[in-house]
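Biologist: Could you take a close look at how the helices pack in this model, and walk me through it with the cut-offs spelled out?

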Amino acid sequence: MKRKTLTQYLVEQQRSGQSMKPELRLLIETVARACKTISHAVSKGALGGLLGALETENVQGEVQKKLDVISNEVLLEANEWGGHLAAMASEEMETIHLIPNRYPKGEFLLLFDPLDGSSNIDVNVSIGTIFSVLQMPNGVEGADVTENEFLQPGRAQVAAGYAVYGPQTVLMLTIGQGVVGFTLDRETGSWILTAEDITIPADTKEFSINMSNMRHWAPPVRRYIDECLAGKTGPRGKDFNMRWIASMVADVHRLITRGGIFMYPWDSREPNKPGKLRLMYEANPMSMLIEQAGGAATDGNQRILDIQPTTLHQRVGVVLGSKNEVERVTQYHQEAQT
Ligand code: AHG
Ligand code: MN
Ligand code: MN
C-alpha cells in the first residue's frame, strides 16, 4: 500500500474543492514540523539536559518545566516568519504574541498548549502539544491584533489538533472534515496518514477522572461516577474500567481510539474557578476533534464550543467523549437544577 504523507493529505483536501486556503495548509505543516522538533527534544530527556523545572512561573501560577518553555519557543519560532499568522497565544505567555514587523502577516490566529501533561515529563509518561486555529474576525491581513480578536467561541475554529509524544509520536488533526491521524516515521521524518474517518463509539465502559478529587465534586458528577463504580449490580448494569494518565492529550487519545469519557469538572477546591483546564487552547481544540469524531463535549451545562470566551486564559469544566455518556452527565446536571 502506498503511504500518504501529511502534505499529500492536505494538498488533496485543497484540490477536492474544500475551501481550505493555502496559508492554512502552510500553518498546519509548520505546526506539525514544530511538533517533530518537540518530539525529538522530549525523547532526549536527561541526555539533552531537558528534564526538570525552571525557577519561573507562568501566568497560571504554575512552575514552568524546561520543556514547557522550549516547546513554546519552538512553536513561536516555527510560525513567526511564514506569513500565515496575525498573532499567537499560548498557555505559557500572559499576553498574545504579535508577529514581528519584519515578517509579513496573515489572517490566522494560532493558540497552543505547547506541552500538555507537564507533570509527566520527568517520569517518562506520554505528553503532548495541543493547538487551535482561528481566523481574524474580519479576515483582514496585517490589521492590528489584540486579545479581543482571539475571543471567539470554539465553533469558529477552522482547524484543531494535538500531538502525543508516547511510544509513538502521533498527530491528530481536524480541518472540519472529520478527524485523521498521522504517525511520525522517525526514519524518513515524515508524518504518515495512519487513521482516517475516526469515530468514537457512542457507548463506553471506561471513564477517566482524577478520583482523588471526589470529595470536592458537584453532586451530578458524583452521581455519575457512583453509578459507574456500582458496576453490574448497580443502575448501569455493567462494570466500568478507569484510567487517568494526567496528560489530557494521552487520555483524549485513548478515548478517540477506543471510546470513553474524560472529565475534569468544576470542583469546590477553588470554587470561583470554573475548572482546571483552559478553554481556548485545551478544551476548545479537543472539543472540536471530539465532535468531529462523533462524540460530544460539555462543561456539564453547555456545549463547550458555544462558550463565548471573555479572557484568553479562562478555565472551564470539561466532560467529553462517547456521546451517550456525555449526554447522561449533562442530563444529571439538568436534573440537579430542577
Ligand atoms: P498542563 O501540563 O498543560 O498544565 O496540563 C495538565 C492538565 C491536563 O493535561 C491533565 O488532564 C490535568 O492537568 C491533570 O491534572 P491533575 O494533576 O490534577 O490530575
Ligand atoms: Mn495542558
Ligand atoms: Mn501545558
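**Helix packing**

Modeller: Happy to! The axes of helix 1 (residues 6–15) and helix 2 (residues 22–44) come within 10 Å of each other and cross at roughly 165°. Here axes are lines fitted to C-alpha atoms, for helices over the stretch in contact, with angles running from 0 to 180 degrees between N-to-C directions; helices are DSSP runs (H or I, at least four residues), numbered from the N terminus. This is a predicted model, where local features need pLDDT of at least 70, side-chain atom pairs count only at pLDDT 80 or more, and totals for chains, interfaces and linings use all residues. Residues are numbered from 1 along each chain as its sequence is written, and side-chain values use heavy atoms, leaving out hydrogens and water.

Helix 1 and helix 2 are therefore roughly antiparallel (angles over 145 degrees). On the helix 1 side, Leu 6, Thr 7, Leu 10, Val 11 and Gln 14 meet Pro 22, Arg 25, Ile 28, Glu 29 and Ala 32 of helix 2, contact meaning heavy atoms within 4.5 Å. These residues divide into six nonpolar, two polar and two charged (Ala, Val, Leu, Ile, Met, Phe, Trp, Tyr, Cys and Pro count as nonpolar, Asp, Glu, Lys and Arg as charged, and the others, Gly among them, as polar).

Now for helix 6 (residues 248–258) and helix 7 (residues 279–292): their axes come within 12 Å and cross at roughly 10°. This pair is therefore roughly parallel (under 35 degrees). Helix 6 brings Met 248, Val 249, Val 252, Leu 255 and Ile 256 to the contact, and helix 7 brings Glu 282, Met 286, Leu 289 and Ile 290. Eight of the residues in this contact are nonpolar, none is polar and one is charged.

Key
Chains lettered and ligands numbered in written order. Helix = DSSP H or I, 4+ residues; strand = E, 2+ residues; numbered from the N terminus. Parallel < 35°, antiparallel > 145°, perpendicular 65-115°, else oblique.
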